[in-house]
Amino acid sequence: MAGGELMELAGPLPAATNAVIRGTRNGQPWSRYVDIPALRRQSLLDQDVVTFITDAPAPTVRVFVEGSRIGPSVLVADRDMNLCQLLDHVAVEPNTADTGSVYLLRKRIAAQQRRSINEALDRLERQLFTATSATTGVAEIRASEAQLVSNYIQRGRRLEPEGRLVVMDNGGRCTNVRLEDGDTIVIPERSDTVLVAGEVSTPQAILWRPNMTIQDYVKAAGGYTQRGDDGGVMIRRASGQIILDPREGPRPGDELIVLPQLGAKSFQITRDLLQLIYQSALSVRVFN
């Protein structure tokens, strides 16, 4: 039987682009991978098995739209279309949509982030269980510390990265990013507040004012905690962009995060001789 005759009988779907042929030739297992035109010319024998598959990229991609939008939530675009071109076809309410903070959620990036987190946790776990101790006192400290770190590792493995891709620059201009199938475009709503979080006494959202500095926002949130680092402040834009050591105050919709101080750990080597210093070192290690 010719492959073309088989196709008339089987009626493969229009999406089929290739076929896998498995059978026996001269008493030996035999297989071929061919496209549809080659299958029409292929001679088939008794007991051959033909599997039709789709093995070509689709000419279009499906993109989801979330956030402050007016139009449909699902768009179908050409595979070679970039984000800036597609945004021209997304209807938004100009008074409420923050078009300068658009970002992408991409499944492939989320998988990469998940793999990176697991690798970092694996390294931390190896360091935890292979660390050596010079004395019994240090061993006891490391045992209690190991329990805390182990709990942190377990929580870290339950994290689900969102796969956010920053696509806007500081001026709110779009970047020509090629879209992938399954991408989600998020258009945030405009906000008039700044969220102050991290090592502050009362984390809260504060109304944005153009003349307020970073220290003004921290003071409005109750000031620094004992662990707060007055020189370690980070701003996270609504688009997901991270700004370390910012030189200017936050924008509306930003998140101002005060980082904790990272003090050096001190362990008492001779606990029997310096018990009081040992307890002080432990307190600094726990609370600093």
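This is a predicted model: local features need pLDDT of at least 70, side-chain atom pairs count only at pLDDT 80 or more; totals for chains, interfaces and linings use all residues.
**Reading the labels**

Biologist: Okay, what about Glu255: why is it called buried?

Modeller: Glu255 comes out at 18%. The cut-off is under 20%, so Glu255 counts as buried.

Biologist: How do you know that Glu255 and Arg236 form a salt bridge?

Modeller: Their closest N and O atoms are 2.7 Å apart. The rule asks for a Lys or Arg side-chain nitrogen within 4 Å of an Asp or Glu carboxyl oxygen, so this pair passes. Glu255 is in strand β13 and Arg236 in strand β11, so the pair ties together parts 19 residues apart in sequence.

Biologist: Why would such side chains pair at all?

Modeller: Opposite charges can pair when the charged atoms come close.

Biologist: How many salt bridges does this rule give?

Modeller: The count comes to nine. One of them joins Arg25 and Asp48, with closest N and O atoms 2.9 Å apart. Arg25 belongs to strand β1, while Asp48 is in the loop between α2 and β3, so the pair ties together parts 23 residues apart in sequence. Both Arg25 and Asp48 are buried.

Biologist: And what makes Arg106 and Glu180 a salt bridge?

Modeller: Here the closest N and O atoms are 3.4 Å apart. That is within 4 Å, so the pair qualifies. Arg106 is in the loop between β6 and α4, and Glu180 in the loop between β7 and β8, so to speak distant parts of the chain, 74 residues apart. Arg106 and Glu180 are both buried. They also belong to a network of salt bridges that links Arg106, Arg108, Glu180 and Asp183.

Biologist: Let's turn to β8. How do you know that strand β4 pairs with β8?

Modeller: Pairing takes at least two bridges, and four join β4 to β8, so they pair. These strands run parallel. In β8, Thr184 is the bridge partner of Phe64.

Biologist: Which way does β6 run against β8, parallel or antiparallel?

Modeller: Antiparallel, with three bridges joining them. Thr184 turns up again here, as the bridge partner of Leu105.

Biologist: Where do the β8 side chains point?

Modeller: Thr184 and Val186 point one way, Ile185 and Ile187 the other way, and all are buried.

Biologist: Now Ser101, in the loop between α3 and β6. Why is Ser101 called buried?

Modeller: Its relative accessible area is 11%, under the 20% cut-off, so Ser101 is buried.

Biologist: What makes the link between Ser101 and Asp98 a polar contact?

Modeller: Their side chains are joined at 2.8 Å. Leaving out residues up to four places away in sequence, Ser101 touches Met168, Pro188, Ala238 and Ser239.

Notes
Residues are numbered from 1 along each chain as its sequence is written. Side-chain values use heavy atoms; hydrogens and water are left out. Buried means under 20% relative accessible area, exposed over 50%, partly exposed in between (1.4 Å probe, protein chains only). A polar contact is a pair of N or O atoms within 3.5 Å; within protein, one must be able to donate a hydrogen and the other to accept it, and residues adjacent in sequence count only if both atoms are side-chain atoms. Contact means heavy atoms within 4.5 Å.
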